[in-house]
Each structure stands twice: as C-alpha cells, then as structure tokens.
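The exercises below ask the reader to work through a structure step by step, with a solution after each task. Please look at the sequence and the model before reading the solutions.

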Amino acid sequence: MSPTWYRYLRYAVCAFLLFLLVRLIRHRKPKETYIPADIVKEDPGFLQSYDTATELHRYSSVFFIESSAPFKPIVTIEPRQACAIESAARANPHKKVIVLFASWNEFTNPNQVRFPDILTLVRLPNVHFRWLDLEHFAHGTPVEGVIRSDKLHQRRNGAEYLSEILRLVLLYKYGGIYLDLDVVTMKKLEFYNPNFFGAETPRLVGSSVIGLER
C-alpha cells in the first residue's frame, strides 16, 4: 500500500470514529436531574410559599434567590450554584439558609426544577427551599408596579434585574444576609455591624453580598 493510500485510510478511520462519537453523544440518555417526588413528601415545607413560613421568619437567615422561573419553563440549579448553597450551610450551621424560587405562579411542581445535587443539600438540616410568591411578596411595596409591568420581560436579562429588586425588598422585610448563587462561603457570616455591602474592588461596592438588619 502506497503512503498516499495509507494516509487516506487513516483519515477515513478517524472520520468514522468521530462519526460514532457524535452519534453516541447525541443519543446518550441524559442523567435524571428532576427532584424526586419522595423528597417533596418527606419535607412538607419543600417549595411551599415563604410568605406562610412563619417559623423561618423568626431567624436572621441567609438567602439565595433563583429568579429565572418567570422567564423560562424549567429552572436549573447548576452544580456551582449548589456548591454556593452547601458552603453557606456548612459554614453557618446555626443560620437558616433559605433558597427562594421567585415566581408568579405556584412553584410546587417538582418537574419545574432540574436540581442534580438535591440529595446532598436536602440532608443539611439548615437548608430550606421555598417558593417566593411574587403576587403576595410585591404587594404594597414601592416595586410592585415594576414587577407587575412588562418592563422586565422586555429585557434580555430580565431575571437579573428581578433578582436585584427582590434582594433589597427581601432584606427590607425580613432582614438577614443575601448571597448570589455564585458566592462561595469560606467562614461564618458573623459581623459586628449587621448592615453591609460586599466590596467587588477596593473602590467599588457590589450587590452580590448584602446584609441588612430588620
């Protein structure tokens, strides 16, 4: 066999293997990431409205907000976001860590959420997943008109704007600490002054970490 034919043969074999790899990736069954129904049964408060969670209102809690539900049918909690939740819970075992799914509609259907790390987080006793009912939460607040309008839906990054609004109203109503879902906690969130904003640079204050006293 001449060197030219040998080279063509190698190209053909590589192309065939690449074709098989693409078919394997396309037809591979994705890992099931929906919340198992038995978890919902075990935790009666799971994904229930935070407005009715009077027991949780008694604590100065650590809050995370997932605000994409009004903009897409399925909400996905990525592994890095689960890491942020777990790190906050483990570093602050005496604080309630509350993950809020903001939505106008009832958010109690497990099929609305993709959450591959739920089994790890549900075992942490201080982690609670609740639905933030925008209908009741925004009522009577200065931002009610903005949240009810179409302005947020007209923006490509409406979920981010909604999160920026909700975090301030949430801390105004209940107090506590807000963290973005990409903030990893390395130590206890205990501060002499409970009112603070996290610094993104030596000269710039951000809104990814906020603490406000009720």
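**Exercise 1: Lys173 and its surroundings**

Task: state which residues Lys173 touches, not counting residues up to four places away in sequence.

Solution. Lys173 touches Phe137 and Arg214 when residues up to four places away in sequence are not counted, where contact means heavy atoms within 4.5 Å. The model is a predicted one, in which local features need pLDDT of at least 70 and side-chain atom pairs count only at pLDDT 80 or more, while totals for chains, interfaces and linings use all residues. Residues are numbered from 1 along each chain as its sequence is written, and side-chain values use heavy atoms, with hydrogens and water left out. Lys173 itself lies in helix α7, helices (H or I, at least four residues) and strands (E, at least two) being DSSP runs numbered from the N terminus. With a relative accessibility of 30%, Lys173 counts as partly exposed; buried means under 20% relative accessible area, exposed over 50%, and partly exposed in between, for a 1.4 Å probe and protein chains only. As for Arg214, it is 41 residues from Lys173 along the chain, and the C-alpha atoms of the two are separated by 6.8 Å.

**Exercise 2: The chain as a whole**

Task: find how many helices and strands the chain has, and what percentage of its residues count as buried.

Solution. The secondary structure comes to 7 helices and 9 strands. The chain has 214 residues, of which 42% count as buried. Turning to contacts between residues at least 6 apart in sequence, 77% of them join residues that are at least 24 apart.

**Exercise 3: Aromatic pairs**

Task: classify the pair formed by Tyr50 and Tyr174, then that of Phe191 and Phe196.

Solution. The rule is that rings of Phe, Tyr and Trp (its six-membered ring) pair if their centres lie within 6.5 Å, with planes under 30 degrees apart counted as stacked, over 60 as edge-to-face and the rest as tilted. By this rule the count is 3 aromatic pairs. For Tyr50 and Tyr174, the centres are 5.1 Å apart and the planes stand at 80°, an edge-to-face arrangement. Tyr50 lies in the loop between β1 (48-49) and β2, whereas Tyr174 lies in helix α7, so this pair ties together parts that are 124 residues apart in sequence. Tyr50 is buried, at a relative accessible area of 0%, and Tyr174 also counts as buried, at 11%. For Phe191 and Phe196, the ring centres are 4.6 Å apart and the planes lie at 55°, so the pair is tilted. Phe191 is partly exposed, with a relative accessible area of 43%, whereas Phe196, at 17%, counts as buried. Finally, Tyr50, Phe63 and Tyr174 form one aromatic cluster.

**Exercise 4: The side chain of Ser87**

Task: determine which backbone atoms the side chain of Ser87 reaches.

Solution. Ser87 lies in helix α3 and is buried, with a relative accessible area of 13%. Its side chain reaches the backbone oxygen of Ala84 at 2.9 Å, and the side chain of Ser87 also reaches the backbone nitrogen of Thr185 at 3.0 Å. Leaving out residues up to four places away in sequence, Ser87 touches Val183, Val184 and Thr185.

**Exercise 5: Pocket and cavity**

Task: describe the lining of the largest pocket and that of the largest cavity.

Solution. On a 1 Å grid over the protein atoms alone, a cavity is a set of points where a 1.4 Å probe fits but cannot get out, and a pocket is an open set with protein on both sides within 12 Å along at least five of seven lines; lining residues have an atom within 4 Å of a point. The largest pocket is lined by 15 residues, and Ile65, Ser67, Gln81, Glu160 and Leu181 lie nearest its centre. Two or more lining residues come from each of β2 (62-66), α3 (79-91) and α7 (158-174), and α7 gives the largest share, 4 residues. The largest cavity is lined by Pro70, Phe71, Trp104, Ile147, Leu152, His153 and Leu162.

Notes: Polar contact = N/O pair within 3.5 Å; in protein donor to acceptor, adjacent residues only side chain to side chain.
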